[in-house]
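Okay, everyone's here, so let's get going.

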Amino acid sequence: MCVLHAAQAAPELDITIVSKGAVGRSGCTRMVQGGFNAVLSPDDSFELHFRDTLEGGKYLNDQELAWTLINDAPKVIHELETRVGCFFDRGEDGKIRQKAFAGQAFDRTVHRGDLTGIEIMSRLLDQTFRIKPRELGDVRALDLLLDEAGEVAGLTMLDVRTGAVAVLRARVVVVATGGAATMYRIAAPAREKTGDGVAMCYRAGLELRDMEMMQFHPTGLLAGESRLTGAVLEEGLRGAGAYLYNAHGERYMERYDPERMERATRDIVSRASYQEIMSGRGTPAGGVMIDISHLGAEEVERRFAGMVARCRQIGQDLAREPVEISPTSHFAMGGVVIDEYCQTSVPGLLVAGEDAGGVHGANRLGGNGVAESTVFGARAGDRAAIVAPERDLRDPDPAQVAASVDRALAPLQREKGPSPFQVTRDLKEAMWEGCGVVRDREGLVRARERIEELTEQAAQIAVPETPQVNNAWQETLDLANQLTVARAMIDSALVREESRGAHFRSDYSEQDNAHWLRYIVARRGEGGETEISLHPVELTRKRPEPDGPPAEELEREDLEEGREDVKR
Amino acid sequence: MTEPSSKKIRVTVSRSDPGTERTFLVERIEPMMVLDLLIAIQREHDPSIGFRYSCRVAMCGTCTLRMDGRAILACQTPLEPDRDKVRLDPLAGLPVVRDLVVDMKPFFEEWARVKPYLEPVEGLDEPARIRPDSPERQIIDPSLDCITCGACYSSCGIADHKRDFLGPAALNRAMLLIADSRDAAGAERLDAVTASDGVDRCHYIYGCSAVCPKGLDPAAAIRRLRRWRLEGRPR
């Protein structure tokens, strides 16, 4: 969307796409099953979508960013349909059909079957054949390069196919790599999602917000040691009325959210499943069961063909029997602090999508993810077209280039050291145990110690000497980024001594609006330590309802406390 | 869920670098996809093995390779419990980058030649009102979920042989746009796909339709294009 908009607004721009995977095919937008939330019906309203988004996000959202999402989403659906060539499912009247999704007061999710992402990404990829930007596929961005004034100068890059390194000079850089949810034992995203963009920005000194907010999708497939474990069974199953059972055959959501049951938001359902499993009411493999067979096999096969096929692969029949699932790490709500134009504190540097924080607050609604990546992708493109002509090419700091390249090449030059695959596995275990669905101080402290050990090990990793298509080498570079992001997540999670949205502390199990309508910002200190600061959420458009403290009180409190800086 | 450790599978992998190990005895897990096999080789046997994958749920189309000669997605192909050996090769008809990794450039060059993007008809200012049971959607919907994985290209006796055929995936894409009432470039596209490197080069070997991991039928799309050349586009 970014390239499309930048090229539309300023056709003379010289645009380069840098992707460490296959352009338009790797990454997670492609994997979107459920759909895209947009207000299209006259019976729906922006206010309603906004309220759902804030209720879901537990009012931690940056309200201007959330409003931007909701305001632009219908425009983007419109553009995807009339310009990009997407075609979403229709109702009998020939109009776009919108389906129910968890946590929403109106059926507003636009979709194409249960494979919405393929339609959106394939048609956007087709647009690149019209626009013809320079495509550097299988080329990894290593580090952001800044000039003496701290403004964007470009990137260091590594060609995955050849092992060659290069500098790309640019007037504007848009970072949109996706989050880091792969760093858990049970995880949903594509393998590329290793927090590269967030880690790059962090190393460049940018502020990250809400890093403690990692969403766990409640319905991840369990498939033993297979790489399929963690793959998401789509949200629409719960929307359509699927039941969740524990190993005793109880519909356990009765205990956690008797009103909304399985259609409660992702955070609530994930936590409920996790608690069932931890209380010994899970299956022997450590899961719970999802059952949608009561809709009738034919109906399930028609409406959820992709999900039925996914289960069949591991020998299970979603249309006719319950299937074993577990919460699976899915989406990072936290990320780089941006404004409504995707601008950051570094001139020339824009950030969009999952790499940015604030849109979703403490929990993202299903269907708001691809809406975010396309809405803010488009905005970043629009902005880049304005900013680029105003800027000149800067000279990167040569010392920074050398340091970045040395760091990247080091594992290739080492003769002996640990395997990156083992250290990655240990990281996933440490994060699942210590910074997962349910957290406490003790576990977080332990996880932080473990991350420090693993960071030391990662610095000693040695890989085979082949520079060409060397997966072990690439995984080592991924791992370094994941460890950086993991550290910021744990440090933020330790500070938030309450429970809100995706962040649940068993030692502070209540949401505390009186003290914690504040967001946590992490940035890299001079000595490499994490600097944490707290900032009041600006309730510019809407105050929490119905049982939070009166808004006037909140505002007064915010003013009195101001910015409380805590150095860790 | 892990099977007893005694059960192994013998994997032969096509390798690019001379002198590298080609045969591995890999421990079975259950369930096990071909992708799991490659990850196991990488972890337990040879970290230098070259292969690619991304989503591992049959959506990205990057893990395509040949298993015992047949093009498959590694991520969605389970290994039958009684299987004790398997051979893995890169896709045919595409340059090998290393081991099982190929360069998809020729595939996308063909794709680009059919003008794969919508040319909106004049006045398409609102999402078009098209009923799901309309004739055009009956044609389009079952053929829509191409993930550009290249399995059909690799399995096409013609596209594989010489680069003078648009190939099944690109022709399928062209068919969809020609059928789409929202698209204005249908006539132009129909000319392009019925030129000498187009539909007539297809000899109906049906390799494409036999291997498509999404169950699409590019051969039927090609048949349709030939019919439309004679009868005109559906409108």
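Predicted model: local features only at pLDDT ≥ 70, side-chain atom pairs only at ≥ 80, totals over all residues.

Residues are numbered from 1 along each chain as its sequence is written, while chains are lettered from A and ligands numbered from 1 in the order in which they are written.

Now, chain B. The domain assignment gives domain 1 (8-102) and domain 2 (105-231); bounds like these come from an automatic or database assignment. The C-alpha centres of those two domains of chain B are 29 Å apart. Where they touch, domain 1 of chain B puts in 15 residues and domain 2 of chain B puts in 14. Contact here means that the C-beta atoms of two residues, placed from the backbone, lie within 7 Å. On the domain 1 side of that contact, strand 3 and strand 4 of chain B each supply at least two residues, and the largest share, four residues, is from strand 4 of chain B. By type, that side of domain 1 of chain B splits into nine nonpolar, four polar and two charged. For the record, nonpolar is Ala, Val, Leu, Ile, Met, Phe, Trp, Tyr, Cys and Pro, charged is Asp, Glu, Lys and Arg, and the others, Gly among them, are polar.

I keep saying strand, so: helices (H or I, at least four residues) and strands (E, at least two) are DSSP runs, numbered from the N terminus.

Chain B has an open sheet of five strands, in the order 2-1-5-3-4, with mixed pairing. Two strands pair if DSSP finds at least two bridges between them. At the edges sit strand 2 (23-27) and strand 4 (70-73) of chain B, each pairing on one side only. From one strand to the next, the twist averages 35°. Take strand 1 (residues 8-13) and strand 5 (residues 85-89) of chain B: they run parallel and are joined by four bridges. B:V11 is the residue opposite B:V86 in strand 5 of chain B.

Helix 1 of chain B lies across strand 1, strand 2, strand 3 (64-67) and strand 4 of chain B, at about 105° to strand 2 of chain B. For angles, axes are lines fitted to C-alpha atoms, for helices over the stretch in contact, and the range is 0 to 180 degrees between N-to-C directions.

So what about the contact between the chains? There, chain B contributes 46 residues and chain A 50. Which element of chain B gives the most to its side? Helix 1 of chain B does, with five residues. The chain B side that touches chain A divides into 26 nonpolar, nine polar and eleven charged.

Over to chain A. Its open sheet of four strands is ordered 11-14-13-12, with antiparallel pairing. Strand 11 (214-221) and strand 12 (243-245) of chain A are the edges. Strand 13 (residues 288-291) and strand 14 (residues 323-332) of chain A pair over three bridges, and A:M289 has A:E324 as its bridge partner.

Why does A:A242 count as buried? Because it has 24 C-beta neighbours inside 10 Å, and the cut-off is 20 or more other C-beta atoms within 10 Å, with exposed at 12 or fewer and partly exposed in between, C-beta atoms being placed from the backbone. Leaving aside neighbours within four places in sequence, A:A242 is in contact with A:L237, A:E262, A:I290, A:D291 and A:I292.

Helix 5 (residues 196-203) of chain A has seven of its eight residues buried, among them A:M200 and A:C201. After helix 5 of chain A comes A:G205, with a positive phi near 95°.

Last, the core. A nonpolar core is a set of buried Ala, Val, Leu, Ile, Met, Phe, Trp, Tyr and Cys residues joined through C-beta atoms within 7 Å. The largest has 242 residues, and those with the most contacts inside it include A:L144, A:C201 and B:L171. Helix 15 (residues 471-495) of chain A provides the largest share of this core, 13 residues. Beyond four places in sequence, the contacts of A:L144 include A:M200, A:C201 and A:L349.
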